[in-house]
Amino acid sequence: MTRPIRDGLDLTDEQREFVALARDFAAREIRPRARAVDEADTESPLDLWDKAAQLGLSSYMLPAEHGGGGVTDLVTQCLVQQELCYGDIGIGNFLTSSAFFAEPVLALGSEEQKKRWITPLTGSRPPVTAVAVTEPGVGSDAASLQTSAVRDGDSYVLNGQKTWISNAPYAESFIIFATVDPALRSRGVTAFVVDRSMPGVTVGRPMRKLGQRGIVNAEVFLSDVRVPLENRLGEEGAGFYGLMRTFDASRILIGAGATGLSRAALDATVAYARERTQFGKPIIEHQAVAFRLADMAARTDVSHLVTLRAARLFDAGIACGAESAIAKLTASENTTWVTNAALQTHGGWGYSREYLPEKWLRDAKLEELEEGTSDIQRLIISRSLTATS
């Protein structure tokens with residue numbers, strides 16, 4: 001029995017239908033595969049990708065004018081992401097990764113570019129795509145990219161190395177963030193759509209990771225890759241704006257996914273605590289366990305509520321960089337705490353692979369690292385406190 005979070009939302013029938021669809025898919029298709037995908041280590045569940053696409057779950061968030069489901073409000077996206085990640089956060093993030101690719105195209109691209117690269121994502125067999133920002137020497141400081149883009153007539157020549165690129169082993173297209181001049185820092189960052197088939201593009205071996213193994217990462221190497229001018233998104237130097245806009249949305253969705261994981265851990269732990277007996281009674285009746293469950297519930301609710309606040313601000317067109325950072329910071333650190341508490345409550349069984357808490361704890365840690373570590377989120381929040389109006 002899933003514990004509902006009382007948030008006061010008045011959902012439309014359409015929103016309820018999408019959430020119910022995601023909840024059913026998570027229970028029927030995702031959760032039963034969670035352990036097997038984890039054990040496979042470096043393989044994404046491409047069959048689930050196809051099933052999700054056929055139901056519209058991989059493109060429901062894309063604009064209707066380009067063939068998507070038209071659910072472009074972030075509140076609904078957060079609720080759907082929660083449900084998918086309740087099934088499994090790695091698989092859930094994989095199934096909705098088209099949105100991460102689409103966001104820079106929608107923010108920076110022309111109408112022709114949107115039609116060219118968004119429309120294929122909405123079909124029944126959409127291509128897997130990827131966004132490449134991180135480099136071996138560039139993580140949180142995205143303005144210091146070293147991958148170069150040199151203009152040569154009607155094309156650009158790209159050289160560089162990207163790392164930790166989600167979906168890279170399967171991606172047919174990449175959005176590569178490069179710089180036309182490193183000295184310009186953020187004002188030199190420019191985005192390009194690069195096809196995997198272009199000469200000079202190579203992808204490294206899948207990386208072996210602690211958790212969230214359903215979404216596979218690898219390095220991408222660019223050696224004199226010639227990219228047509230029409231593959232540049234926006235003007236030179238506009239890429240950093242598109243990246244930050246993407247991060248504002250994606251960090252809120254990370255908060256939603258982390259909340260889904262926290263809910264899964266809480267529900268499973270409450271069920272276990274009702275069944276497990278020690279000292280003559282269910283362990284949920286022991287105050288130490290009951291209070292731990294109470295803290296799990298409180299942290300899960302807080303994660304949900306701060307994420308929805310950020311989503312509402314984003315949907316209203318209000319600048320919400322700090323609120324986005326608060327949502328990611330709070331939900332990611334809370335889910336690490338909640339999943340650890342789930343393992344602790346399960347005792348020895350929580351440490352074994354017979355139950356999911358050990359996997360959930362491994363999965364949770366990534367939420368504190370990706371798309372800006374907790375340190376970076378605190379930096380964004382602290383700067384907002386000292387900014388003058």
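A search of the whole structure, which is a predicted model, finds five aromatic pairs. Two of these are set out in the table below, each with the distance between ring centres and the angle between ring planes.

| Aromatic pair | Centre to centre | Angle between planes | Geometry |
|---|---|---|---|
| Phe18 and Tyr60 | 5.7 Å | 35 degrees | tilted |
| Trp49 and Phe94 | 5.1 Å | 35 degrees | tilted |

Trp49 and Phe94 are both buried.

Elsewhere, one aromatic cluster is formed by Tyr272, Trp349 and Tyr355. An aromatic ring also takes part in an arrangement of another kind: the charged end of Arg299 sits over the ring of Trp337, at 4.2 Å from the centre of that ring.

The next region concerns helix 7 and what surrounds it. Helix 7 (residues 111-118) has Gln113, Lys114, Trp117 and Ile118 as buried residues. When the helix is viewed down its axis, the buried residues of helix 7 fall within an arc of 100 degrees, so they line one face of the helix. On the face turned away from this buried side, helix 7 carries the exposed residues Glu111 and Lys115. The cover over the buried residues of helix 7 includes helix 6 (98-108), strand 5 (189-195) and strand 8 (232-233).

Helix 6, one of the elements in that cover, is itself mostly covered, with eight of its eleven residues buried. The buried residues of helix 6 are Ser98, Ala99, Phe101, Ala102, Glu103, Pro104, Val105 and Leu108.

In the loop between helix 7 and strand 1 (129-132) lies Thr122. Thr122 has a relative accessible area of 17%, and because buried means under 20%, Thr122 counts as buried. Once its neighbours within four places in sequence are left aside, Thr122 is in contact with Ser59, Leu62, His66, Gly67 and Gly68.

Rolling a probe the size of a water molecule over the atoms shows where empty space is left. The structure holds one cavity of 30 Å³ or more, and the largest cavity has a volume of about 30 Å³. The residues that line the largest cavity are Ala34, Val37, Asp38, Asp88, Ile91, Gln212, Arg213, Gly214, Lys359 and Asp363. Two or more residues of this lining come from each of helix 2 (34-40) and helix 12 (357-365). Helix 2 gives the most to the lining of the largest cavity, contributing three residues.

Notes
Residues numbered from 1 in each chain as written. Predicted model: local features only at pLDDT ≥ 70, side-chain atom pairs only at ≥ 80, totals over all residues. Heavy atoms only, no water. Phe/Tyr/Trp six-rings, centres within 6.5 Å; stacked < 30°, edge-to-face > 60°. Buried < 20%, exposed > 50% of the residue type's maximum accessible area, 1.4 Å probe, protein only. Lys NZ or Arg CZ within 6 Å of the ring centre and 35° of its normal. Helix = DSSP H or I, 4+ residues; strand = E, 2+ residues; numbered from the N terminus. Arc of directions from axis to C-beta. Contact = heavy atoms within 4.5 Å. 1 Å grid on protein atoms, 1.4 Å probe; cavity = no way out; pocket = protein on both sides within 12 Å on 5 of 7 lines; lining within 4 Å. Points joined across faces, edges and corners; volume = space filled by probe spheres on them.
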